Amino acid sequence: IGMTSEEILISESQERMLIVVKKGEEETAKAIFVKWDLDFAIIGTVTDDGKVTVTNGNVPVADIPADALTAQAPVYERPIAPPKFQETLTAFSFDMIPIPRGDCSGSLLTLLKSPALASKQWVYEQYDYMVQTHTMIGPGVGAAVLRIKGVSSLLAITLDGNSAYTLLNPYYGGANAIAAASRRLVCLGAKPIGMTNCLNFGNPERPETMWSLALSIEGMSDTCRALEIPVVSGNVSLYNETNGLDIYPTPIVGIVGLIESGTTQRVEAKVTASVGRGEEICPVPPYFQAEGETIVLIGETLEEMGGSAYLKEIYSQERGNPPLVRLEREKSLQKTILRAIERGLLSSARSLSEGGLALAIAKCCLFSKRGADIKIESSKIRVDGVLFSESPSRVLATVCEGNLAELKALLNTENMIYSILGKTGAVGASLTIQVGDKMAAALPIEEMKKAYETGLSQHFESAQ
């Protein structure tokens with residue numbers, strides 16, 4: 001009331017959505033809005049005249065060709081140039097870091113309690129994340145799974161973003177965000193069906209900020225095309241700076257995936273996990289399920305340590321080149337994992353990302369309360385690279401003895417690199433990781449649990 005036509009058109013009021021309702025379904029849509037006490041208004045119809053026409057009552061206020069707002073919309077051509085410090089950031093070799101003399105148990109504990117990787121339960125337990133939903137997998141394990149009332153399929157949802165990667169190489173920062181998020185959903189048995197994003201950057205009038213913004217979008221775009229993920233929405237948050245210094249370039253992506261009812265039924269017959277409130281049947285969980293199952297690493301570990309959590313937390317370095325996303329390899333891996341899940345071959349599957357293989361194994365132990373005995377053959381890369389490299393396109397899976405031969409056959413058919421790492425242990429057992437003939441890490445579950453669950457709160461308490 002009292003607003004001008006221009007104010008109505010350009011207002012950025014929150015909590016609003018524009019919906020196009022199928023012809024003939026208007027009353028059904030109205031009933032839904034009324035049921036949930038939502039304000040709504042019918043504001044127009046779709047036409048075929050190629051124009052956007054707006055009236056206020058009977059007064060015309062806008063008549064614009066639709067192409068002028070889409071295909072022919074003006075495009076910013078701002079100056080683009082990499083930062084002067086970029087070569088200094090990337091001119092870094094992992095060889096500059098000393099090879100660990102002892103085992104890496106201390107480093108693994110440090111990662112588990114680091115603010116970025118530690119449990120966020122200290123935050124999310126303050127809210128009821130079950131409100132008006134059928135949450136099957138709740139917060140804390142990397143992705144959420146929701147049962148929608150009246151629908152047999154399930155929705156899986158996750159977020160991802162790595163500002164360190166984007167600082168070092170904006171293209172691969174954007175690409176890794178898409179690849180990691182979609183891979184995490186695939187490990188649940190979900191096919192990614194839509195992506196949204198929030199691009200958080202500094203002042204785009206600076207050539208170096210525009211450079212990182214443009215390249216990160218290009219990386220996201222190429223990866224979405226390769227993985228066939230539609231981009232359904234997105235927004236930007238620009239001019240984020242303090243005292244003239246930009247924030248780290250931080251593209252955050254959200255991806256939703258669909259778990260078809262057929263896949264769910266096949267998996268539900270075999271897998272039950274305690275997640276959230278009470279015993280719930282869920283899709284393939286991201287942690288161990290039973291004692292004595294075979295642990296398989298699917299994908300290749302390279303010495304990709306630039307921008308890694310290991311370098312940041314252990315050596316206070318955010319330098320080097322971030323992991324490369326090899327699009328064909330990522331696409332092949334995700335399709336293979338979905339096939340394995342459709343056949344009911346996997347008991348658990350976890351995507352590898354920040355913290356690398358060691359952190360993924362540790363979290364599988366923590367969430368399942370089971371130990372693991374890991375033996376990795378001698379590698380061409382150094383032991384901390386084996387444990388903490390953040391090479392993408394990798395999945396840690398478990399499989400029961402009866403399905404192992406079929407899984408191997410599938411992986412061989414798809415030309416997937418894989419290795420058998422060991423067996424899952426009993427509840428309360430320890431985690432041991434041997435690389436070659438040396439023990440690389442040995443930790444009790446309780447010690448890892450304490451570091452993981454108290455790391456975030458201790459970080460903020462120590463900062464006060």
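**Aromatic contacts and strand pairing in the predicted model**

The structure holds 7 aromatic pairs. One of them joins Tyr-171 and Tyr-172, whose ring centres are 5.1 Å apart; their planes stand at 85°, so the pair is edge-to-face. Another is formed by Tyr-287 and Phe-367, with 6.0 Å between the ring centres and an angle of 65° between the planes, so this pair is edge-to-face as well. Tyr-287 belongs to the loop between strand S12 (279–281) and strand S13 (294–298), while Phe-367 belongs to helix H13 (residues 356–368); the pair therefore ties together parts that are 80 residues apart in sequence. The model described here is predicted.

The two partners differ in their accessibility class. Tyr-287 is buried, its relative accessible area being 6%, whereas Phe-367 has a relative accessible area of 23% and is partly exposed. Tyr-287 and Phe-367 form one aromatic cluster together with Tyr-452.

Aromatic rings also face charged groups. The charged end of Arg-78 sits over the ring of Tyr-76, at 4.7 Å from the ring centre. Over the face of Phe-94 lies Arg-382, 4.0 Å from the centre of the ring.

Six strands make up an open sheet with mixed pairing, in the order S3-S4-S5-S10-S6-S7. Its edges are strand S3 (134–137) and strand S7 (235–237), each of which pairs on one side only. On average, neighbouring strands of the sheet are turned by 25° against each other, direction ignored. Within the sheet, strand S5 (residues 154–160) and strand S10 (residues 250–259) run antiparallel and are joined by 7 bridges. Thr-158 has Ile-255 in S10 as its bridge partner.

Two helices are placed against these strands. Helix H8 (residues 170–186) lies across S5, strand S6 (191–200) and S10, and runs at about 150° to S5. Helix H9 (residues 207–227) packs on the sheet and touches S6 and S10; the direction of H9 makes about 175° with that of S6.

A further antiparallel pairing is found between strand S18 (residues 431–435) and strand S19 (residues 438–443), over 5 bridges. In this pairing, Gln-434 stands opposite Met-439 in S19. S18 and S19 form a hairpin with 2 residues between them. In the turn, Gly-436 has a positive phi of about 65°.

Notes
Residues are numbered from 1 along each chain as its sequence is written. This is a predicted model: local features need pLDDT of at least 70, side-chain atom pairs count only at pLDDT 80 or more; totals for chains, interfaces and linings use all residues. Side-chain values use heavy atoms; hydrogens and water are left out. Two strands pair if DSSP finds at least two bridges between them. Helices (H or I, at least four residues) and strands (E, at least two) are DSSP runs, numbered from the N terminus. Axes are lines fitted to C-alpha atoms, for helices over the stretch in contact, and angles run from 0 to 180 degrees between N-to-C directions. Contact means heavy atoms within 4.5 Å. Rings of Phe, Tyr and Trp (its six-membered ring) pair if their centres lie within 6.5 Å; planes under 30 degrees apart count as stacked, over 60 as edge-to-face and the rest as tilted. Buried means under 20% relative accessible area, exposed over 50%, partly exposed in between (1.4 Å probe, protein chains only). A charge sits over a ring if NZ of Lys or CZ of Arg is within 6 Å of the ring centre and within 35 degrees of the ring normal.
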